[in-house]
Amino acid sequence: MRPCRYSAGSNLIWSLDFNVNPMCSVVAQLVGETIEVLHELVLSDANTWLACERFWQLVQPYRDNRALTVEIYGDASGYQRRTSATSTDWQLVRQFFGQLRGQAAAHIHAKGANPGVRDRVNLVNSRLLSASGDTRLLIDPKCKELIEDLERVCWRTDHFGQATTELDKSDRLRTHVSDALGYYLAQAFPMWPKIGERPERLF
């Protein structure tokens, strides 16, 4: 495992999971066909504005004389207005980057609904090691929570000990940062079903 270094001029990828405690996100870049996770942000008892501030502080070393381009992905639940807030999470992200005109060019790619959990897991696993033996996902060793997620998270089991289609979230610290990575992969590299497997009628 080797450190991932930012390639000057690359677009940064920021993908978020809008859990409150912890609120997690990953910072990555796409180099050719390989995704390199440069950083993770795991914040206790946080809010979206604080996550934006911490992200912006973190990426200052990557800035040059041009606006830093940021491709933003994440949790579709960020479109929901919470009872304690007047803005949704995604509205707050837009507002934050709106004040950085000339410094950052942010493009939000979040979909209106989250992809299936199994699809996200399959995409992450296939990027780590494909059927042909290729690795197209590199993770910097300092991303300890993400690495622990990938090593420890498993499927929840039912009363008979059989695996379900839900992730085991019994440890509140687990799944969130890997969810953030999975949202990006599923939105940027969607797994479209084959024609014969589509749930709707074709004609």
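Helices H1 and H2 pack with their axes 9 Å apart, at an angle of about 40°. H1 and H2 are therefore oblique to each other, a class left over once angles under 35 degrees count as roughly parallel, over 145 as roughly antiparallel and 65 to 115 as roughly perpendicular. Axes are lines fitted to C-alpha atoms over the stretch in contact, with angles from 0 to 180 degrees between N-to-C directions.

The model is predicted; local features need pLDDT of at least 70, side-chain atom pairs count only at pLDDT 80 or more, and totals for chains, interfaces and linings use all residues. Residues are numbered from 1 along each chain, and side-chain values use heavy atoms, without hydrogens and water.

Helices (H or I, at least four residues) and strands (E, at least two) are DSSP runs numbered from the N terminus. Helix H3 (residues 117–128) and helix H5 (residues 176–188) cross at roughly 85°, and H3 and H5 are therefore roughly perpendicular to each other.

| Pair | Angle | Axes |
|---|---|---|
| H1 and H2 | about 40° | 9 Å apart |
| H3 and H5 | roughly 85° | within 9 Å |

Contact means heavy atoms within 4.5 Å. In H1, Thr48, Trp49, Cys52, Glu53, Phe55 and Trp56 meet Asp89, Leu92, Val93, Gln95, Phe96 and Phe97 of H2.

The largest nonpolar core has 28 residues, of which Leu12, Trp14, Phe55, Val59, Leu68, Ile72 and Phe97 touch the most other members. Such a core is a set of buried (under 20% relative accessible area, 1.4 Å probe, protein chains only) Ala, Val, Leu, Ile, Met, Phe, Trp, Tyr and Cys residues joined through side-chain atoms within 4.5 Å. Beyond its neighbours within four places in sequence, Val59 is in contact with Leu12, Val27 and Leu68.

Note on methods: Buried means under 20% relative accessible area, exposed over 50%, partly exposed in between (1.4 Å probe, protein chains only).
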